[in-house]
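Please read it beside the sequence and the model.

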Amino acid sequence: MDKKEISRADMMLKESLPKVITKMALPSIISFIITTVYNLADTFFVSSLGESATAAVSVNASLDQFIMMAGSMLAVGAASYASRLLGAGNKKKAGNVLSTAFFLAMLFGSIIMILGLMFKVPMVRLLGATDTCEIYSVQYAEYVLLVAPLMAANFVMNQCLRAEGNAMLSMIGMGFGGILNCILDPIFIFKLGMGVAGASIATAISKAVSFVILLFPYITRKSIIHLSIKNFKFSRNIILEIVSVGSSSMFRSGLAVISAIVLNNIAGIISDSVLAGIGVSTKIMMFPLGIILGFGTGFQPVAGYNWGAKRYDRVMGSYRFSSRVAIIGSAIMGLFIWIFSKNLIVIFAGNNQDMLAIGMLCIRLQSLSMPIHGWVAVVNMLCAGLGKAKGALLLSTSRQGTCFLPIVYPMYWIWNANGIAAVQAVADVLTLFLAVPLIHNLKREIMMLDRNGHKEQKIERG
């Protein structure tokens, strides 16, 4: 082991769990916050162009999710497997995992780029664009599609930097791109008079800059895991491990796209104001949800590394600490957002009362269910970190899939626009019925392995 690896092992296996999880999570949280800010920046600046332009940006949020599908499965699966391999001391194979996931992500992103550019209009119509916002949706989608390969690869590099304990480098890569987007948005939209297309160009440039920054530690060998075309190994074991765990993230992203398309199409039937209100509230809720996800991505590699090192006591300890923080922190964020919901929505809605009303209702109901979402996210990350593919898949597809899609149309038919605003909060509550029995069985397995480990140690000493 070199000094970097020894330092990482000491941090993961010896430092107090609250300290190491916080150290890993904080850069991830900051990165997600900055990413949310620049997603909102597009909506904020475009909102001055009218509700149809705002609706177009909301529609294209589904395109981002679709591109994420190309990288998220490979990123999450590779990060989980690489973290466990590093915990077991197998750095070389971890490099194979990273390189395989990286180049496959570039390939899948390229396929999305080519098909998207060929069928731009049918694509945005499928995503939920109405007659009035179609032209804006096409303008926004065009430049984002051009950087789809880089966006997909960014997910892999970002997650694998966190897996090896370099959460700070990950934050710098994602965070700088986000800050740059906030600076470029008003320049391209207003100063250069490019409107919605300007917002898309600013986003594309920011994603490209993030790619270069994230790639830097790999090409300069400052990372523990090495990225190289020579390390690309399309082996059955690597692909199976990546896909088995990463498929949960892919299905989560896929279902997020489907649920967003369904929601956009239903909201568009009612009015552009409702479509824009749902879209804006979704982006505002990305703040607390990003913090929850950032905390989870800090917890996941700690659990995975200690699982690989057979430190089951620390796996259990990391889960208990993370659960408490997620529930309490989510409750505090939910209360804060509830109180200031009107102030947040009015920034984008202005005097549009329909947009304001639907946005406020959506935000307030999700604020109530946020502690549930925070805890379920920790259980989901624990499953992913430990390589429990079935559990990770079950939970990652529940929030916007199995607990969401079956209720969205009935809630619309019964309560119209209010039902659409409430559907995500109701789905969050329903995920509890999946997470509770799952964590019960997983905790029992971890504690049994911990007891068996102690028995083996006593036998060896005796």
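Helix H7 (residues 148-163) packs against helix H9 (residues 195-219) at an angle of about 40°, with the axes 9 Å apart. The model is predicted, with local features needing pLDDT of at least 70 and side-chain atom pairs counting only at pLDDT 80 or more, while totals for chains, interfaces and linings use all residues. Residues are numbered from 1 along each chain as its sequence is written, and side-chain values use heavy atoms, with hydrogens and water left out. Helices (H or I, at least four residues) are DSSP runs numbered from the N terminus.

- Axes here are lines fitted to C-alpha atoms, for helices over the stretch in contact, and angles run from 0 to 180 degrees between N-to-C directions.
- H7 and H9 cross in a left-handed sense; a crossing is left-handed if the near helix is turned anticlockwise from the far one by less than a right angle, and right-handed if clockwise.
- On the H7 side the contact involves Leu150, Met151, Ala153, Asn154, Met157, Asn158, Cys160 and Leu161, which meet Lys207, Ala208, Ser210, Phe211, Leu214, Leu215, Pro217 and Tyr218 of H9.
- Contact means heavy atoms within 4.5 Å.

**Packing of H6 and H9**

- H9 also packs with helix H6 (residues 134-146): their axes come within 8 Å and cross at roughly 20°.
- H6 and H9 are therefore roughly parallel to each other, and their crossing is right-handed.
- H6 contributes Tyr136, Gln139, Tyr140, Tyr143 and Val144 to this contact, and H9 contributes Val196, Ala197, Ala199, Ser200, Ile201, Thr203 and Ala204.

- Threonine 203 lies in H9 and is buried, with a relative accessible area of 4%; buried means under 20% relative accessible area, exposed over 50%, and partly exposed in between (1.4 Å probe, protein chains only).
- Not counting residues up to four places away in sequence, threonine 203 touches Asp42, Tyr140, Val144 and Asn181.
- Glycine 178 is 25 residues from threonine 203 in sequence, and the two C-alpha atoms are 8.5 Å apart.
- Serine 137 belongs to H6 and counts as buried at 0% relative accessibility.
- The contacts of serine 137, again not counting residues up to four places away in sequence, are Ala56, Val59, Asn60, Val124 and Ala129.
- Threonine 100 is in helix H4 (residues 91-118) and is buried, with a relative accessible area of 0%.
- Leaving aside neighbours within four places in sequence, threonine 100 is in contact with Asn231, Phe232, Lys233, Ile238 and Ile239.
- Lysine 230 is 130 residues from threonine 100 along the chain, and their C-alpha atoms are separated by 9.7 Å.

**Helix H15**

- H15 (residues 353-385) has 33 residues and reaches 44 Å from its first C-alpha to its last, close to the 48 Å expected at 1.5 Å a residue; the expected span is 1.5 Å times one less than the number of residues.
- At serine 369, H15 bends by about 50°, and proline 371 follows within four residues; the bend at a residue is the angle between axes fitted to the seven residues ending there and the seven starting there.
- Of the 33 residues of H15, 24 are buried, so the helix is largely enclosed by the rest of the structure.
- Glycine 387 follows H15 and has a positive phi, near 75°.

- Helix H18 (residues 405-415) and helix H19 (residues 417-430) have axes 8 Å apart and pack at an angle of about 140°.
- H18 and H19 are therefore oblique to each other, and their crossing is right-handed.
- In this contact H18 supplies Ile407, Val408, Met411, Tyr412 and Trp415, and H19 supplies Ala417, Asn418, Gly419, Ile420, Ala422, Val423, Val426, Ala427 and Leu430.
- Asparagine 416 sits in the loop between H18 and H19 and is partly exposed, with a relative accessible area of 39%.
- Most residues other than glycine have a negative phi.
- Phi of asparagine 416 is positive, near 55°.
- Lysine 310, in the loop between helix H12 (286-308) and helix H13 (312-339), has a positive phi near 60°.
- Lysine 310 is exposed, with a relative accessible area of 60%.

Technical notes
Helix = DSSP H or I, 4+ residues; strand = E, 2+ residues; numbered from the N terminus. Parallel < 35°, antiparallel > 145°, perpendicular 65-115°, else oblique.
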